[in-house]
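Here is a short tour to read with the model open beside you.

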Amino acid sequence: MARSRIEPKELSAEITDRLDGRQVRVAVFTSFSFDPGFFELHILPLLFDRSFSQNERVRRCQLEDALRSVDNIAVYYDRSALAQDAISPQLGFESIGVRRKTGVFHLKLIMLLVDEPSEDGEDETTPSGQPDQSLLVGIVSANLTRSGWWENVEVAHFEEIASVRASSKKCSFRKDLLGLLPQIKKCAPEDEKHEALDKIHEFLREDVTTDRPVNAGADGRQYTRIYYGQEELPAWLSKVKIASYRWNLEIVSPFFDKLGARALERLLDEVTPDETRLMFPKNDDGTGAVPEGFVKALRDMPKDRTVTWSELPPELTQRGRHPDGRFTPRHVHAKLYRFWKGGYSVCLVGSVNLTTPAHSSYDSGNLEAAFLVDTSDSVGGWWLSPLNRPPRLGELPDEAEDAPQEVCIDLSLKYDWRKRRAFYRYEGGKREILGVRDHTAMDLFTIQPVVSGKWIDCGDEAGVCLGKSLLSSSLLQVVDGENIWRILVREEGSSQRPSFVSLLTPEEILRMWSAVVPEHKQQVLEDKFESGTEVPPMPPFGVLGKDTQKDVTIFDRFAGVYHAFERFLKDVTEAIATGHVREAETRLCGEKYDSLPVLLKKVSERRDADPVMNYVTFLCAKQIREHVRSHHKEFCRTCTSGLEKLDEFLMLFPTLRSALPLEPGDDSLKFVAWYEDMFLRRRKIADRDE
Amino acid sequence: MFFTKEDDRAKIQGSRDPLGVQPIWSYFGRRLVANLTTVTTSIRGFTTLLLGRYLAEKAIEERRATDRDSLGIFLRTEQLCAYARHTGPDKVEGDIRGIERVKAFVEENNGKVIIDDAPSCMILSDQKTYGLWGLYSGAARLSGLLPAGPVGLLSLGREFVNSEYWPRLQNVEKELLKNVTKRGIVNVLGDPVQSLGKILRRRLTATEIAFYSEYLRDAAGAQDRHAVQNQATLSRLIREHLDPETLLDRKAFVELWRRAKDVDLALAEDLGRILVVESVLAPAGVVFDFLQTQNHQKVGDIARRLDEEWPNGIPNISLPDLSNQLPQMAETSGAKISEIIKACAEAMGGQDYGNAVSLLIKWNEAIMEKRGTGPWILEKSGRLDVRYRGEGRELPEAEALPDLWRNSYFIDALFTITWQLEDDQ
């Protein structure tokens, strides 16, 4: 049944509602403009069904934890359009800057591969023992920026594809998606890895029914399709039978051709609507944000092509009241083509502006994406209301929104945290030298000579420089003569990226390990960041939030350490067993704030520590290492280099043992030898009993 | 398909803060308001928080749940309370976080709603982070009502719930504990929702007024005794010399400061500091907003335009007074930024607008450097290169300058809470 009014919804709310608590395994986002700091703090949390702190530093710590449970997250964005208000990320997720030879990388796609829980709450498993999965696909007009996700008027549409085991329903757009994914890959250099995209591709090929509807629609409804520039938009609309009917047409687009109205004319030629309404984009001051050339071309159109300047309902475009009583307008960034007649309507929803590059095929214009979706259930009639008299023209909106900037040095930088090496890749014309500066404009290193077409190691010194600089910011400046360009460094091997939090004491790390629920961890971090003081000493058995700090005995302290390591081992073995290898690797051999090597490093460097406590901590670590060696051989094979680093730390054990306050000649040395033996042996017995 | 609406998170997170003033006003504001934050403006929000924590503690005590369940129990309680307030005697429409979903769920399901911590049942898309748990817990902790950690209440909060609310929920105790510990369908017109509705009336009881006045409005349980003393007197001055409709602009703050001088010199001194700091932060903010609209314009032309618009200069800036506050500013924002602020204040106060524009650009650059990114505006050959236009807006009129006020200092939350309590006297 048709609804009576257009109901807007928060984009974030749609994501959480669609996920409905399901575990995300693979996530791919694409965007033209990109603010990595905003994405990290406000979009990534949507993928997890847990609470996050309002304190940004605590939130980043929580995300650092949460991200370990996701196999792959990748963001593809147009390198020429890094958001001007972008904030540097600190978590080292995969961000792949791409550049197109024709037009821009303009599509805004969200793909989330999720595990399906079964009726009883456990994950539904496939014959191979892995959880059954579904793919959420969203196509939106919003860039991955604060204005895109929170402020602008945007449009969005989401669909879900179930695996063939869960549903044999035909999918009308699977083939479109399979065609689109290689186009995204093509925008990146040939030797680029695309693990996240490959997993989604594999799901679509292997796990989804290949049956698809033969016709464009059935029972008076249009099947959902994805437009991605398979051909020019008007021709594609004709192919999917949109042009076979007589419609009214409504267009919402913030950007138009600057010289003429070619895209609109060709669309009207193909679709021949009875009447066309076109939203008149406005600036904040109420003036029109339309190129004069477009206005003139519209005026010169034949009389039978009635195009009426119109506006969206005010309830969509107004935000809160200004102190002076005026409503402040929201910027309309939506791109929508609505074909309707009577009770039928079909919408093209996505990134496609009313411009020639957007309407071109992908090999000659932009790369765009839009869902074509039947919206007959939505509000009927016109959505746009005609303007009696369009306001006078004003300034055109910020070019950065939807067009590449004039100067772009086509250089990518990546940093491999495992090898601690920096690499560059240059794709442009001949250049002798390029400078690389940090975000404060301090020179880091130079690239000379500039080799084109492949990843080149920047050398030892550059590796050290960049590694240090990335701890402050991943946004750098590239200098070519007088031109300066901002780039985002792509980071790989994020488990080895030192955590941006390094101020936790060994006691605090153990408390984090002991935490029963994530909220306990959150509290430890909030206490730390908000008060800036030391967190109280280790309570027994990791019980937090209650009045247990008083009367901590020697037994409590040691029991606390054993308990923390026991929980640590449980978490690591669970992660290995459930296939979350990255999480296990990060905890056992990573450089995050609560990784085992970080704890050992801090313990070994402490000057005024209790030597017995240090010794016991290392002994527990040794026990964990032995357990992993004997029980998880496959895991050890995949993480050889990381475990070698851990072993290096454990080689400090004899030094810590020698620091024990033991008198030579008495039996204490014998006791320690016996104790170590029993300690490690008990683990073996416990393992055997398990 | 759908159009997107403005996300509530934008309001909670505040503006992008290009001049990094938030840590500065927070520092000065915390000397006056010990416990509240900008978003903790609902007494009933705190009531719900106390009930949720109390029920979780009780369920754990009775072994119906464990520590792990405390957040889930809280979220279910928050849902029940929201339904109770909306469908109860007051039929509350605003002042409920998640009111839109509450209304929709009640309508769609004829009053039979699911209470659960699953995302589909939540009254906010992200109830765990942006609901009362995320937004009110910190203020309640500062008020001395909650302990650190996710479980339980401090004795102050527990005793209050025990005496004020729990006796009125005795007849629905079992049902209520069942509802908050397990997923289930609840009729909003039946018990326990309606019993909750009765205790969550808009009108507070005398005991509630006494408790919330003491611990929320006057922050009697907070640790920072200096701020506690300030807060109690300040809330009294708000009651005595302002009214609920007062616009919190500079005029209102001056009035409070003037009155404070008669009764509490320490408070007057702290209010005076805020007046001094805001006299610089507010005009700096509006000029920077304006600069964002001035792409490609010459600095000289912008200075001339400022001179024309504000021929009498920017009032209220006192350099000697500001100098006294610079050490505190340096503590929160760093020495470099505090020096820029001082120079900028000097330029603005002396109507040297060209210099002020350049200094504002430097100020933003220094803030963005701390955030690991680039400046929003560059000055190239005497012209502005605006890299980010975002929140640019026109200048306010000269007549508005004497009362100009932009930042919260947490006093707006104190103002709202104060008048909520007064309405019920």
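## Around A:Arg277

Leaving aside residues up to four places away in sequence, A:Arg277 touches A:Leu249, A:Glu250, A:Ile251, A:Thr308, A:Ser310, A:Trp382, A:Leu384, A:Ser385 and A:Pro386. Please keep in mind that this is a predicted model. A:Arg277 belongs to strand β11 of chain A. Is this arginine buried or exposed? With a relative accessible area of 11%, A:Arg277 is buried, since the cut-off for buried is under 20%.

## Chain A as a whole

Stepping back, chain A has 690 residues, and buried residues make up 59% of them. Its secondary structure comes to 22 helices and 26 strands.

## Salt bridges

Side chains of opposite charge can pair when their charged atoms come close.

A:Glu311 sits in strand β12 (residues 307–311) of chain A, while A:Lys282 sits in the loop between β11 (275–279) and α9 (292–299) of chain A, so the pair ties together parts that are 29 residues apart in sequence. Both partners are partly exposed: A:Glu311 has a relative accessibility of 30%, and A:Lys282 has a relative accessible area of 36%.

A:Arg437 and A:Asp443 form another salt bridge, with their closest N and O atoms 3.3 Å apart. Here A:Arg437 is partly exposed at a relative accessible area of 22%, whereas A:Asp443 counts as exposed at 64% relative accessibility.

A:Glu492 pairs with A:Arg490, and the closest N and O atoms of this salt bridge are 3.7 Å apart. Are these two residues buried or exposed? A:Glu492 is buried, and A:Arg490 is buried too.

| Residue pair | N to O distance |
|---|---|
| A:Arg437 and A:Asp443 | 3.3 Å |
| A:Glu492 and A:Arg490 | 3.7 Å |

Salt bridges also form a network that links A:Lys9, A:Glu14, A:Asp17, A:Arg18 and B:Arg101. This network includes residues of chain A and a residue of chain B.

A:Lys169 is placed in the loop between β6 (155–162) and α5 (174–186) of chain A. At 67% relative accessibility, A:Lys169 counts as exposed.

## A helix pair in chain A

Two packed helices are described by the angle between their axes and the distance between the axes. Helix α17 (residues 596–605) and helix α20 (residues 640–650), both of chain A, pack at an angle of about 20° with their axes 10 Å apart. That angle makes α17(A) roughly parallel to α20(A), because angles under 35 degrees count that way. The crossing of α17(A) past α20(A) is left-handed.

Which residues make the contact? From α17(A) come A:Leu596, A:Pro597, A:Leu600 and A:Lys601, and from α20(A) come A:Leu646, A:Phe649 and A:Leu650. By class, the contact of α17(A) with α20(A) has six nonpolar residues, no polar ones and one charged residue.

## Backbone details

Two cis peptide bonds deserve a look. The bond from A:Gln448 to A:Pro449 is cis, with omega near 0°, and A:Pro449 lies in the loop between β22 (443–447) and β23 (456–457) of chain A. In chain B, the bond from B:Asp191 to B:Pro192 is cis, with omega near 5°. B:Pro192 lies in the loop between β3 (184–187) and α10 (193–199) of chain B.

B:Asp17, although not a glycine, has a positive phi of about 55°. Its place is in the loop between α1 (8–13) and α2 (22–30) of chain B, and B:Asp17 is buried at a relative accessible area of 14%. B:His296, likewise not a glycine, has a positive phi of about 70°. B:His296 is found in the loop between α14 (265–291) and α15 (299–309) of chain B, and at 52% relative accessibility B:His296 counts as exposed.

Terms used:
Residues are numbered from 1 along each chain as its sequence is written. Chains are lettered from A and ligands numbered from 1 in the order in which they are written. This is a predicted model: local features need pLDDT of at least 70, side-chain atom pairs count only at pLDDT 80 or more; totals for chains, interfaces and linings use all residues. Side-chain values use heavy atoms; hydrogens and water are left out. Helices (H or I, at least four residues) and strands (E, at least two) are DSSP runs, numbered from the N terminus. Buried means under 20% relative accessible area, exposed over 50%, partly exposed in between (1.4 Å probe, protein chains only). A salt bridge is a side-chain nitrogen of Lys or Arg within 4 Å of a carboxyl oxygen of Asp or Glu. Axes are lines fitted to C-alpha atoms, for helices over the stretch in contact, and angles run from 0 to 180 degrees between N-to-C directions. Angles under 35 degrees count as roughly parallel, over 145 as roughly antiparallel, 65 to 115 as roughly perpendicular and the rest as oblique. A crossing is left-handed if the near helix is turned anticlockwise from the far one by less than a right angle, and right-handed if clockwise. Contact means heavy atoms within 4.5 Å. Ala, Val, Leu, Ile, Met, Phe, Trp, Tyr, Cys and Pro count as nonpolar, Asp, Glu, Lys and Arg as charged, and the others, Gly among them, as polar.
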